[in-house]
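Here are my notes on the model, as numbered points. Please read them with the structure open.

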Amino acid sequence: MGADSRVGRAGRGRSTRAVVLAACGGLVVTGCATMPDSGEVETVKGANPGDSQVRVYAVAPRENADPDEIVDGFLEAMTSDDPGFATARKYLTKHASQTWKPAQSITVLTSAPDREPADRNVDPDNQGRAYPLSGRKIATVDARHAYEPNSPATYVESIHVVQQPSADGKGKEWRIDSLPSGLVLGEADFLRNYRSVNKYYFASGEDWVVADPVYIRQRQDPVTRMDPVTQTVKALLEGPTNWLKTAVDSQFPSGTELKAGVTSLTTDDQSTLKVPLNAKAELVSGEACRRMAAQLLFTLGDLTSVRVEQVELLKPSGDSLCRLGKGQAAEFAAVRNTVPEEHPYFLDEHGKLMMLAVQGKEADEPAELPGPFGSGTTPLSSVAVDHGETRAAGVGANGRDLFVSSITTEQDPLPAVLSSKGARPTDRLSAPSWDGQGDLWVADRNPATPRLWMVPDGSGEPVEVRTPWLTEGTRVEALKVSADGVRIALLVKQGERTTLQIGRVERQKAGAEPTVSVEGLQPAAPRMESVTAVSWAGPSRLVVVGKEAGGVQQIRYLQTDGSTSASSVLPGLNGVTSVAAPNGDGAPVVANSGNDGIVRLAPGLNWQPVVKAGASPVYPG
């Protein structure tokens with residue numbers, strides 16, 4: 001059934017689980033429930049990442065099972081939806097079952113762990129047997145559901161089994177008495193059982209929300225027995241992930257939880273979701289309650305399985321705290337919809353800024369824009385358009401100066417807002433980027449003094465951004481700041497390698513001058529050996545151009561936490577130097593290909609040429 005092989009170096013295969021596959025309106029059942037009367041028996045292997053409807057049911061250990069079967073059966077049972085992992089616990093001693101906490105963490109490997117033959121030397125008195133586990137670790141998921149990626153690294157753990165009296169007291173049976181903490185899953189099983197959702201919190205001291213991606217169970221959670229909607233609400237109430245918490249606020253008072261015993265939340269016939277809370281939420285003000293409801297509405301908007309048009313928060317008594325609809329929550333979005341639709345922009349062969357209209361099946365002729373950027377009075381080498389599509393920031397043709405100009409009205413060229421002293425164009429200013437509040441960001445790549453700059457409102461006095469991680473021999477090649485202004489995607493070059501990092505933007509307004517820093521860098525594409533280009537493609541998703549070790553260039557979607565899936569790879573395109581994606585859905589991805597110029601990728605289609613001679617395609621941001 002897929003690439004997640006269950007056959008280790010010991011030559012063993014696991015056939016101890018039942019798999020149910022819902023497809024074409026019927027059920028195909030493999031396992032103990034139904035046995036075919038002809039044909040060969042096939043080993044059940046790891047789930048195909050694309051088979052989201054695959055269900056795995058754990059099988060209890062058979063009587064007099066040997067230790068190999070006990071270990072294999074337990075590893076299979078960890079991949080199931082068994083309530084409370086009750087069947088998995090049948091492979092454990094009583095003490096091990098009491099101390100094993102599957103909700104504590106998840107270790108994600110490239111494929112299911114390889115179980116080696118028992119190492120008799122570990123237990124020379126033959127009181128038990130130790131089975132080494134090995135694999136390539138790519139991430140962990142902590143107790144707050146946060147995905148933490150890492151470059152593939154060797155994973156080595158072990159499972160120890162002992163003999164204990166059987167249930168009837170007449171013999172002995174093998175059971176596991178020592179095992180790794182939490183769950184250990186191959187990537188295919190992880191993606192089959194878990195899905196990414198965005199929780200939303202308010203940027204610190206501000207009135208717009210920021211996405212905080214976490215992973216929840218696709219179906220009922222085996223430990224809490226909660227459905228996906230309730231899991232998502234619970235995760236929101238628990239607060240932001242450790243990485244983001246210093247830059248955001250939750251409007252829910254500390255200690256706010258779902259009312260005791262709530263495991264299922266469903267909408268009524270008006271698509272209203274009623275959320276009963278504990279007593280901690282009873283004394284909030286009306287405005288605080290509205291903001292709490294807005295957090296819920298944005299968060300639940302990521303769940304395709306439920307349509308929520310409004311949220312009503314309830315006291316433990318069942319009385320209403322407040323109610324908020326989608327339209328009312330829109331005021332808290334990081335980017336208000338001030339324009340009917342996003343437009344992509346690019347620079348023509350003369351460095352003039354042009355606008356593309358590519359919403360239909362065929363791309364219209366590029367539109368010229370007013371102002372010095374559109375007229376070519378100030379030729380550019382790179383550009384960024386603000387989210388309101390009224391202003392643009394551009395780096396001059398020699399890479400030295402950063403200019404800002406209107407793109408809706410005619411005006412004379414303005415003086416540069418910032419300049420670099422780098423000796424070569426490639427050692428000067430990067431392409432700029434706007435956040436949703438109108439602040440402008442750019443990197444100075446001068447090897448002598450590499451730094452980041454933020455220009456308040458695109459016209460204020462430039463603020464040097466604190467970057468404690470920007471050490472000698474390191475510089476930022478490119479950047480894209482999120483619409484909420486709290487996260488920034490950075491292409492960081494160190495030596496000959498360029499990696500994609502996500503940083504947390506922290507701002508302090510004490511005193512006359514604001515202090516801005518980028519902290520907590522974490523890899524967003526740890527399996528890519530080099531990254532060429534990046535663009536935001538929504539609240540917590542990026543489109544990235546890069547190469548894996550020994551591979552060819554590819555374009556794919558990645559979450560900001562570094563997680564991915566096999567279905568995230570976009571169709572191949574040669575020689576891509578830049579890429580741009582819309583913040584919303586429906587508009588095409590646009591890229592610059594050395595062979596084909598500006599091309600677009602509309603949903604459901606392949607790449608199509610738009611403009612033969614052009615560069616630096618961008619969406620607002």
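1. A nonpolar core here is a set of buried Ala, Val, Leu, Ile, Met, Phe, Trp, Tyr and Cys residues joined through side-chain atoms within 4.5 Å. Buried means under 20% relative accessible area, with a 1.4 Å probe and protein chains only. The model is predicted: local features need pLDDT of at least 70, side-chain atom pairs count only at pLDDT 80 or more, and totals for chains, interfaces and linings use all residues. Residues are numbered from 1 along each chain as its sequence is written, and side-chain values use heavy atoms, with hydrogens and water left out.

2. Overall, 54% of the 621 residues of the chain count as buried. The chain has 8 helices and 38 strands, taken as DSSP runs (helices H or I, at least four residues; strands E, at least two) and numbered from the N terminus.

3. The largest nonpolar core has 63 residues, of which V275, L277, V311, L313, L500 and L542 touch the most other members. Helix α6 gives the most to this core, with 8 residues. Another core, of 36 residues, lies apart from it and has Y91, L109, L133 and I138 among its residues.

4. Contact means heavy atoms within 4.5 Å. Beyond its neighbours within four places in sequence, L277 has contacts that include L237, F252, M292, L313 and L321.

5. Helix α5 (residues 228-237) packs on helix α6 (residues 286-300) at an angle of about 135 degrees, and their axes are 10 Å apart. The axes are lines fitted to C-alpha atoms over the stretch in contact, and angles run from 0 to 180 degrees between N-to-C directions. The two helices, α5 and α6, are therefore oblique to each other. On the α5 side the contact is made by V229, T232, V233 and L236, and on the α6 side by Q295, L296, T299 and L300. These residues divide into 5 nonpolar, 3 polar and no charged.

6. Helix α1 (residues 67-77) is mostly covered, with 9 of its 11 residues buried. Among the buried ones are I70, V71, F74 and L75. The cover over the buried residues of α1 includes α2 (86-89), β6 (128-141) and β7 (147-165).

7. Leaving aside neighbours within four places in sequence, its contacts include V395, V417, L418, L429 and V442. The C-alpha atoms of L402 and V383, 19 residues apart along the chain, are separated by 9.4 Å.

Key: Parallel < 35°, antiparallel > 145°, perpendicular 65-115°, else oblique. Nonpolar A, V, L, I, M, F, W, Y, C, P; charged D, E, K, R; others polar. Buried < 20%, exposed > 50% of the residue type's maximum accessible area, 1.4 Å probe, protein only.
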